[in-house]
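Please read this briefing alongside the sequence and the 3D view. The points below are grouped by topic.

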Amino acid sequence: MRPANAVVAVVDDEENIRETVGFALRREGYPVELFAHGGDAWQSFKQKLPGLVILDILMPEMDGLELCRKIRSISESIPIIFLTSRDEELDRVLGLEIGADDYLCKPFSMRELLARVKVLFRRSALDQGRAKSDAEAPMTFGDLEMDMQRYTVKWKSLPVTLTVTEFMMLNALVRHPGHVKTRNQIHQESYPHDTYVSERTIDSHIKRLRRKFEETDPMFDRIETVYGLGYRYRET
Amino acid sequence: MKRSRRYFSRISIRLLAFHLLLVFLPVAGVLFLGTYEKRLESDETRSLGEQAHIIASAIAGRRPSETFQRIVTSKPSDVRFRLVDADGNLLADSHRLAPPKPTEPPAGSKRHNTLYRIGAFLVRPVLKWIQPPQPPLDVDFYETASRLTGPEVKGALHGEEGFDKKITSGGRRSITLYRAVPLFNDGKVIGAVVASRSTYPILQDLYVIRLGVMQIFVASVALAILVSLFFSTTILRPLRQLRVDARAILDRRGRIRGHFKGSRRMDEIGELSRALERITRRMETHVHAMETFTADLSHEFKNPLASIRTANDMVADVVDPAVRRRFVQMVDQEVARMERLLSGVREISRIDVQLAHEERSALAMSELLTKIIDGFRLREGERIRFDLDVSGEPVVEATEDRLLQVFENLLDNAVSFSPEGGTVRVVTSANDGMVVTRISDEGPGIAEPHRNRIFDRFFTYRPDASRRSHTGLGLAIVKAIVEGYGGTITASNGEIGAVFEIRLPRARVNG
């Protein structure tokens, strides 16, 4: 199942990262466009949008955030993955909620990146109705409804917009309600190919996850912190 | 025990104790009043004897009774004189002949009673004598006697001078001193003159003195407390504030957060608090710089790490030897970049310390720049032209290697941004105690948003190809060296290209 527009644009000022990521994506069969900074990329995107964008945040000329905003001004649906090299930067970017679909911290594993690209392409294909959903109906856990195909979530029938990472974290917690998941376990289930993710990153993702649910339902309190251990999903 | 020790180690308590001790010194002086009292008594006894002698010698051989009467009535005195015959029978008594004015209780004795009693109560165990004397009820032991039989009288009637003290019946500590002098006629004792005086007036005086001491003591204690309070408000309160500040500065994990709030007081504590404020502010900025530096550093390392990791993933995944070679080469490049970063970081962190230890000499800028530019001309060949213009006598006090580092870095920078066939101009001149050097290129100049950041560590903005070989530390190192020499460096845009201006203090040269 190949998306209609499978072009992946990689925008990073690091030449070696661009080259490696480009090589890996091509090997997976994706057409690839490489850009050294946001300005060049924007010039090209104005002509024709790619199917997915991988963006470095810190770049000279036009940085990743600005480019992301510009892309969102012409397309709400194109998937965007951010690459960041600072934990605190990730926090800031998450807080801005500029509409990225996922974030990966440098140094990331190539397989992790490829897996995310695949998920996002599938999601956008399903959203545009170009692909048939597998018969699998969304899974429900009380008020929570998780679509394992689209990576989308509904709480009390209201949609909650999650990044792929947040979805995978929630999934890790929800599948064993009442059981405590350590940060390490959450990490392994949400970044299956990445060897190192700081615990702080997990914490800030969980914080964001709670906030997103609270925006839909201010009474939401199902994700509990278990001090010294990790987190737990309470079913009722 | 431990608790009370801590309590007494407080400065305020020690100050109060010290002040009270000072106050007790005059009280110790009161003890000497006892000695004073004894001396008064012996003086009094001697004086009584002398007066008795005078009267005795005056009346000897004449009609004793008449003469005695004349003498004692002509000069009334609080000394009581009696005249007795050879058997001790009373012949005349000065107080009967001329009664003295009744003694009045000391003025204001009632007013002082409370105070005196408090004092007496406090010191009673030590000083039993501090109670006020009562006015004697009957003034004299012999008051009603018609025959005097005391040992002093008997002694005198036997021809020896007699002395005795009798406790006045009414007074508690009041005594009466007696002195008897024999009266001779042709070598035969015909009687005696007995002089007596109560010590009550002496005690009365002492009592007034003691009362005065008591008043001074009470006033001094009050003053000591006031002084201690004053000390604790003007010295200890600000000290305590400093302690509170000091505790607030370290958070629970012992990190420095915030700084001392310098007080505006003009005294030493104010100075101390301002000094602490300066120190902690420096530390705060230093800690902040360290933290940003660490964040920057980890950021700088993550990019090469990301390249290494992804390249390594690919090497593991790919079979084509040519592609594998390419990725291995990439890993090599990035490792080299990390090494460059590390050595740059090490260098920049040591510049300040190193500059302080390096020997400096007077260096002529013209020579130095000529040398550097000759090297660059050789390296760049026809590609770039170099102009050098020297005016005045620019000489700086520095280490040659450091200046080479500064100008090579800046020229490198200028060359890397110069277009093919461009010119790099170096103008150096001396004025106003400064040596000013400008280096300008014909490159694209510095984009306005980057102007303030180009001296920041790790900031790079370069054409992509040359990017990997630059750590973003070059200009930061240049700035650290120039500032280490007490100079400044600024970057701006000229008509075409960028202009770097370096100002270094001019060395004093003879003549």
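In this predicted model, Ile81(A) has 23 other C-beta atoms within 10 Å of its own and is therefore buried, since the cut-off for that class is 20 or more. The residue belongs to strand 4 of chain A, which covers residues 80–84.

**Surroundings of Ile81(A)**
- Leaving aside residues up to four places away in sequence, Ile81(A) touches Ile54(A), Asp101(A), Asp102(A), Leu104(A), Arg116(A) and Leu120(A).
- One of these partners, Leu104(A), lies 23 residues from Ile81(A) in sequence, while the C-alpha atoms of the two residues are 7.4 Å apart in space.

**Chain A as a whole**
- Chain A is built with eight helices and 12 strands, and of its 236 residues 41% count as buried.

**Where chain B meets chain A**
- The contact between the two chains involves 18 residues of chain B and 19 residues of chain A.
- On the side of chain B that touches chain A, helix 8 (268–317) and helix 9 (321–357) of chain B each supply at least two residues, and the largest share, 12 residues, comes from helix 8 of chain B.
- Sorted by class, this side of chain B consists of seven nonpolar, five polar and six charged residues.

Conventions:
Residues are numbered from 1 along each chain as its sequence is written. Chains are lettered from A and ligands numbered from 1 in the order in which they are written. This is a predicted model: local features need pLDDT of at least 70, side-chain atom pairs count only at pLDDT 80 or more; totals for chains, interfaces and linings use all residues. Two residues are in contact if their C-beta atoms, placed from the backbone, lie within 7 Å. Helices (H or I, at least four residues) and strands (E, at least two) are DSSP runs, numbered from the N terminus. Ala, Val, Leu, Ile, Met, Phe, Trp, Tyr, Cys and Pro count as nonpolar, Asp, Glu, Lys and Arg as charged, and the others, Gly among them, as polar. A residue is buried if 20 or more other C-beta atoms lie within 10 Å of its own, exposed if 12 or fewer, and partly exposed in between; C-beta atoms are placed from the backbone.
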